[in-house]
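Please open the model in a viewer and keep the sequence panel beside it.

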Amino acid sequence: MLFKTSQIAISLALLFSGGIISCQSKTPEQIARVTELELIAAKQKAEATEIKEFVDSTPDLYKVNWKVCSDGFLDQDNNGCKESRDVRSIGFSEAVLVWGPVQEVKFVTKRHFSPNMQNVGLFVKSKGCLLLGKPEGGEQFYKIHEFSLKKGSTLPNPDSTKIDKLSPEDKVQAIRVAIDNAETEIASLNNFGVSSTGFMPTAAKQPCLTLEKWKKQ
C-alpha cells in the first residue's frame with residue numbers, strides 16, 4: 001500500500017521540531033514511532049522511484065470502452081446493449097487498459113457447441129493488457145470482452161468501441177491501482193487458491209487472452 005508523502009512529512013517534522021515531544025523527553029515508544037515513520041517514508045520513496053522507472057520504461061496506456069447493441073443478444077437488458085464504464089457498476093463491465101499503440105479493433109466469432117449460440121470476442125491489437133503486467137514484446141490481438149449472440153447474428157461494428165489515450169498523470173494512477181490490485185491478487189491466490197475476482201487462477205487472465213488462445217478454448 002502506498003502512503004501519502006505529505007502526511008508522513010508533517011508527522012516527521014512535528015516529531016523532530018519538538019512540536020509533539022522534545023529530544024530530551026522521548027520515551028521508548030516515541031522513539032519507536034519516529035523510527036516507524038522514517039521506515040514508512042523510506043518505503044514510500046522507494047516505491048515512488050520504482051513506479052516512475054516503470055512508467056518511464058513502458059509505452060502509453062489506452063482505455064478501451066464499448067457500447068455494443070444487437071438484436072441477437074440472448075438477454076435484452078439495457079435496451080439490447082452491452083456497455084462498459086470507466087469504473088465497473090451494476091449492469092456495466094469495466095473498461096480495459098491496454099499498452100499502446102492500439103493499431104486495430106475487430107470482432108471475431110468462434111464455434112460454439114450450442115446450435116443456437118455464437119461467441120463473439122472484442123479484440124484490439126496492442127502490446128498487451130495492464131491487467132497482465134508488463135507489455136508484451138510484440139503486438140497481438142487481445143480479447144477485451146466477450147459476448148454471446150444468437151447464431152447467425154451480424155457481428156458488431158468496430159466503431160462501437162471508444163479508445164482514449166491516458167494522460168501521463170492518469171497513467172501513473174492506473175499503474176498504482178494495478179500494483180495494489182496485484183498485491184491483493186497474489187495474496188488471494190497464495191492463501192485461498194482462487195483469484196480475488198472470484199475466478200479460479202486459470203480463468204483470472206481470460207479477459208486478455210490472445211486471439212489464438214481464445215480460439216483454442
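A residue is called buried when its relative accessible area is under 20%, exposed when that area is over 50%, and partly exposed in between. By that cut-off Cys81 is buried, because its relative accessible area is 9%. The model on display is predicted.

**Stop 1: the disulfides**

Select the bonded cysteines first. A disulfide is a covalent bond between the sulfur atoms of two cysteines. How many disulfides are there? The count comes to 2 disulfides, and with bonded cysteines counted along the chain they follow the pattern 1-2, 3-4.

Begin with Cys69 and Cys81, which are joined by a disulfide with an S to S distance of 1.9 Å. The link of Cys69 and Cys81 is right-handed, with 105 degrees about the S-S bond. Cys69 belongs to strand β1 (residues 61–69) and Cys81 to strand β2 (residues 81–85), so that the pair links distant parts of the chain, 12 residues apart. Is Cys69 buried or partly exposed? Cys69 is partly exposed, as its relative accessible area is 43%, whereas Cys81, at 9%, is buried.

Next, select Cys129 and Cys208. Their sulfur atoms lie 2.2 Å apart and form a disulfide. This disulfide of Cys129 and Cys208 is left-handed, because the torsion about its S-S bond is about -105 degrees. Cys129 is in the loop between β6 (117–126) and β7 (140–150), and Cys208 is in the loop between α3 (168–192) and α4 (211–216); the pair therefore ties together parts that are 79 residues apart in sequence. Cys129 is buried, with a relative accessible area of 1%, and Cys208 also counts as buried, at 3% relative accessibility.

**Stop 2: the nonpolar cores**

In soluble globular proteins, nonpolar side chains tend to be buried together. Which residues of the largest nonpolar core touch the most other members? In this core of 19 residues, they are Trp66, Val96, Val98, Leu122, Val124, Ile144 and Phe147. Colouring by element shows that β1, β4 (96–99), β5 (104–110), β6 and β7 each give two or more residues to this core.

Centre the view on Val124 and display its contacts. Leaving aside residues up to four places away in sequence, Val124 touches Val64, Val98, Val102, Glu104, Val105, Gln140, Phe141, Tyr142 and Ile144.

**Stop 3**

**Stop 3: aromatic pairs**

A pair of aromatic rings is described by the distance of the centres and the angle of the planes. Phe54 and Trp99 form an edge-to-face pair, 6.0 Å centre to centre with 70 degrees between the planes. Phe54 lies in helix α2 (residues 28–57) and Trp99 in strand β4, so this pair ties together parts that are 45 residues apart in sequence. Phe54 is partly exposed, with a relative accessible area of 21%, while Trp99 counts as buried at 0% relative accessibility.

Phe123 and Trp214 form an aromatic pair that is likewise edge-to-face, with 5.0 Å centre to centre and 65 degrees between the planes. Since Phe123 lies in strand β6 and Trp214 in helix α4, the pair ties together parts that are 91 residues apart in sequence. Phe123 is buried, with a relative accessible area of 0%, and Trp214 is buried, with a relative accessible area of 0%.

**Stop 4: charges over rings**

Show the side chains of Arg85 and Phe92: Arg85 lies over the face of Phe92, at 4.0 Å from the ring centre. Then turn to Lys106, whose charged end sits over the ring of Phe141, 4.1 Å from its centre.

**Stop 5: Ala182**

Finish in helix α3 by selecting Ala182. Ala182 counts as partly exposed, at 35% relative accessibility. What separates the C-alpha atoms of Ala182 and Gly133? They are separated by 8.8 Å, although the two residues are 49 residues apart along the chain.

How values were computed
Residues numbered from 1 in each chain as written. Predicted model: local features only at pLDDT ≥ 70, side-chain atom pairs only at ≥ 80, totals over all residues. Heavy atoms only, no water. Disulfide = S-S within 2.5 Å. Helix = DSSP H or I, 4+ residues; strand = E, 2+ residues; numbered from the N terminus. Buried < 20%, exposed > 50% of the residue type's maximum accessible area, 1.4 Å probe, protein only. Core = buried A, V, L, I, M, F, W, Y, C linked by side-chain atoms within 4.5 Å. Contact = heavy atoms within 4.5 Å. Phe/Tyr/Trp six-rings, centres within 6.5 Å; stacked < 30°, edge-to-face > 60°. Lys NZ or Arg CZ within 6 Å of the ring centre and 35° of its normal.
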